[in-house]
Amino acid sequence: MVTGSSQEAQLPTRIPKAQPVRFQAQNAAVSQLLNGSIDAFLVGGPDATEFMKQYKGLRQAVSAPVDHPTSMAVPKKHSAFLKALDQKIADMVADGTYAKLYRKYFTTRPQPELIAAWPALKSQFPGTK
């Protein structure tokens, strides 16, 4: 697992007998997995899907939904960047690009927290609360 990832926090409760090996980056973990130095790599769904596309020898051993939202941290002093990022996401939600990308990488409906942040998504995902 990657040090500092959400998977690092989940491992003790989800797989209590695992002996974790921590990596600074996903690519290092995948390299070790491919050469047989580790038995498994705990990684988020979209990343796992991309690694399996890139390396045909990999397979998904288990999949479990997560019970937490994810986010991207932006330093407080980068307020102009955050404003521009928020605007770009708003534009993508408005023109349907966000929903298209979401469906490409996720198999579940958006969580209520995401709909609360971007209410226009509700109409793009019928049946979402």
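The questions and answers below go from the whole chain to single residues.

Mentor: This is a predicted model, in which local features need pLDDT of at least 70 and side-chain atom pairs count only at pLDDT 80 or more, while totals for chains, interfaces and linings use all residues. Residues are numbered from 1 along each chain as its sequence is written, and side-chain values use heavy atoms, with hydrogens and water left out.

Trainee: How many helices and strands are in the chain?

Mentor: Helices (H or I, at least four residues) and strands (E, at least two) are DSSP runs, numbered from the N terminus. Read along the sequence, the pattern is α-α-α-α-α-α-α. The count is seven helices and zero strands.

Trainee: What percentage of the residues of the chain count as buried?

Mentor: Buried means under 20% relative accessible area, exposed over 50%, and partly exposed in between, with a 1.4 Å probe and protein chains only. The C-alpha trace spans about 45 × 40 × 30 Å along its principal axes. Of the 129 residues, the buried share is 19%.

Trainee: What part of the accessible surface of the chain belongs to carbon and sulfur atoms?

Mentor: Accessible areas come from the Shrake-Rupley method with a 1.4 Å probe; for residues, only the protein chains shown count as cover. The total for the chain is about 9700 Å². The part belonging to carbon and sulfur atoms is 57%.

Trainee: Among contacts between residues at least 6 apart in sequence, what percentage join residues at least 24 apart?

Mentor: Contact means heavy atoms within 4.5 Å. With that cut-off, the share is 33%.

Trainee: Which residues does Gln-7 touch, not counting residues up to four places away in sequence?

Mentor: Gln-7 lies in helix H1, residues 6-14. Gln-7 is buried, because its relative accessible area is 15%. With neighbours up to four places away left out, the residues touched are Met-1, Leu-42, Val-43 and Gly-44.

Trainee: How far apart in space are Ser-6 and Leu-42, C-alpha to C-alpha?

Mentor: Ser-6 also lies in helix H1. Ser-6 has a relative accessible area of 30%, so it is partly exposed. Ser-6 and Leu-42 are 36 residues apart in sequence, and their C-alpha distance is 9.9 Å.

Trainee: And what is the distance in space between Thr-13 and Gly-57, C-alpha to C-alpha?

Mentor: Thr-13 lies in helix H1 and is exposed, because its relative accessible area is 67%. Thr-13 and Gly-57 are 44 residues apart in sequence, and in space the C-alpha distance is 28 Å.

Trainee: Which residue forms a salt bridge with Glu-8?

Mentor: A salt bridge is a side-chain nitrogen of Lys or Arg within 4 Å of a carboxyl oxygen of Asp or Glu, and by this rule the count is two. In the bridge of Glu-8, the closest N and O atoms are 2.5 Å apart, and the partner is Arg-22. Glu-8 lies in helix H1 and Arg-22 in the loop between H1 and helix H2 (26-34), so the pair ties together parts 14 residues apart in sequence.

Trainee: What is the N to O distance in the salt bridge of Glu-50 and Lys-53?

Mentor: Both residues lie in helix H3 (residues 45-54), three residues apart, about one turn of the helix. Glu-50 is partly exposed at 33% relative accessible area, and Lys-53 is partly exposed at 46%. The N to O distance of Glu-50 and Lys-53 is 3.3 Å.

Trainee: What is the angle between the planes of Tyr-102 and Phe-125?

Mentor: Rings of Phe, Tyr and Trp (its six-membered ring) pair if their centres lie within 6.5 Å; planes under 30 degrees apart count as stacked, over 60 as edge-to-face and the rest as tilted. A search of the whole structure finds two aromatic pairs. Tyr-102 and Phe-125 form an edge-to-face pair, 5.4 Å centre to centre, with an angle of 75°.

Trainee: Where in the chain do the two partners of this pair lie?

Mentor: Tyr-102 and Phe-125 are both buried. The pair links distant parts of the chain, 23 residues apart: Tyr-102 in helix H5, and Phe-125 in the segment after helix H7 (121-124).
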